[in-house]
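I opened the notebook today to look up some backbone details in this model, and I set them down below in the order in which I checked them.

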Amino acid sequence: MKKKLNSLFKKKDLLIALFSMLIVLSAAIIAVIEAFGIPVWKNIFKVCAVNEYSYCADGYPMSVHILDVGKADSIFITCEGKNILIDAGETNLYNFVNEYLKKLNVKDIDQLILTHPHSDHVGCMSYIVDEFNIRSFMMPYLKDDMVPTFKSYERLLDSLDKKNIKIDKPETGKGYNIGDMRIDVLGPVYQYDEMNSNSVVIKITYKNKKFLFTGDAGTESERDMISLGEDLSADVLKVGHHGSKTATSQAFLNRVQPLYAVISVGEDRNKLPKKETINRLKENNIKTYRTDLDGTVIFATDGESLQIFCEKGNKN
Ligand SMILES: [Zn+2]
């Protein structure tokens, strides 16, 4: 009887101790939330690697997210509540791109850009148009015989039409502002017979930091941008055409002079990026990130300094 009573008391003590700990823990959680707000929790999740990687850039006024969409492009840029999406990966990546934007609480996309209508860029863009509020849309003007007829492209045209979104053509040499970001359209300089060269090339400047996005533009397009005499200089270069050897010429690097480069790439029959490109970037002392090795890469800035976060290990 005595034994039974003792064990009952022990159990009761244990329960009281556990309950007290729970109360203390809850009070501590509430105190931290009240003192620092919700973002602290996002950062805690980030440190704990609970699939909250997209929050790395929280607290920075501007960030550029090179999404890991394999050998394709999808780049999300956000600055003080204004959002830009360049390309949308392949069709099967809709859930990934959509979830990524949703996690960042994106509802409006101020500028959606299709650099050029190849499937690894146009892929899931129609679903993005259906799902988000698109304020403006840009894609290159193509010669009649180059207009594609594949499904994801036609679906995109339907989605744009349904929402009455007009298609802006890139006006090379012109600049405009989206919030605090300056957007300069640098290419395509001409209409080309080769689709990749028709890629929209834009530079985004936020205070003292500049990012250059080249789509799949190749050396032909690079040469014409150089000839036009535009200021191509940038801190970060999104390497053209997934690191293929037909882009990122030495002449182009001389003009851009980036400190960092990032290649959006994954397993592919063309075995990109090519060694020549990687070596050229190395020889120019450009620190290069690759989505196939680093996962999604985030550049976060206050306009003066730059922080780089890699999903597969922080390499900054
Ligand atoms: Zn591509």
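Where is the place of Asn164? I found Asn164 in the loop between helix 6 (151-162) and strand 8 (167-168), where helices (H or I, at least four residues) and strands (E, at least two) are DSSP runs, numbered from the N terminus.

Before going on, I noted that this is a predicted model, in which local features need pLDDT of at least 70, side-chain atom pairs count only at pLDDT 80 or more, and totals for chains, interfaces and linings use all residues. Residues are numbered from 1 along each chain as its sequence is written.

I then looked up the phi angle of Asn164, which is near 55 degrees, a positive value in a residue other than glycine. Asn164 counts as exposed because it has 6 C-beta neighbours inside 10 Å; the cut-offs for other C-beta atoms within 10 Å are 12 or fewer for exposed, 20 or more for buried and partly exposed in between, with C-beta atoms placed from the backbone.

Next I checked Thr248, a residue other than glycine whose phi is positive, near 60 degrees. Thr248 sits in the loop between strand 13 (236-238) and helix 8 (250-256), and I recorded Thr248 as buried because 30 other C-beta atoms lie within 10 Å.

Last I turned to the prolines. The peptide bond from Gly187 to Pro188 is cis, with omega near 5 degrees, and Pro188 belongs to the loop between strand 10 (181-187) and strand 11 (201-206). Leu272 and Pro273 are joined by a cis peptide bond with omega about 0 degrees, and I placed Pro273 in the loop between strand 14 (260-263) and helix 9 (275-283).
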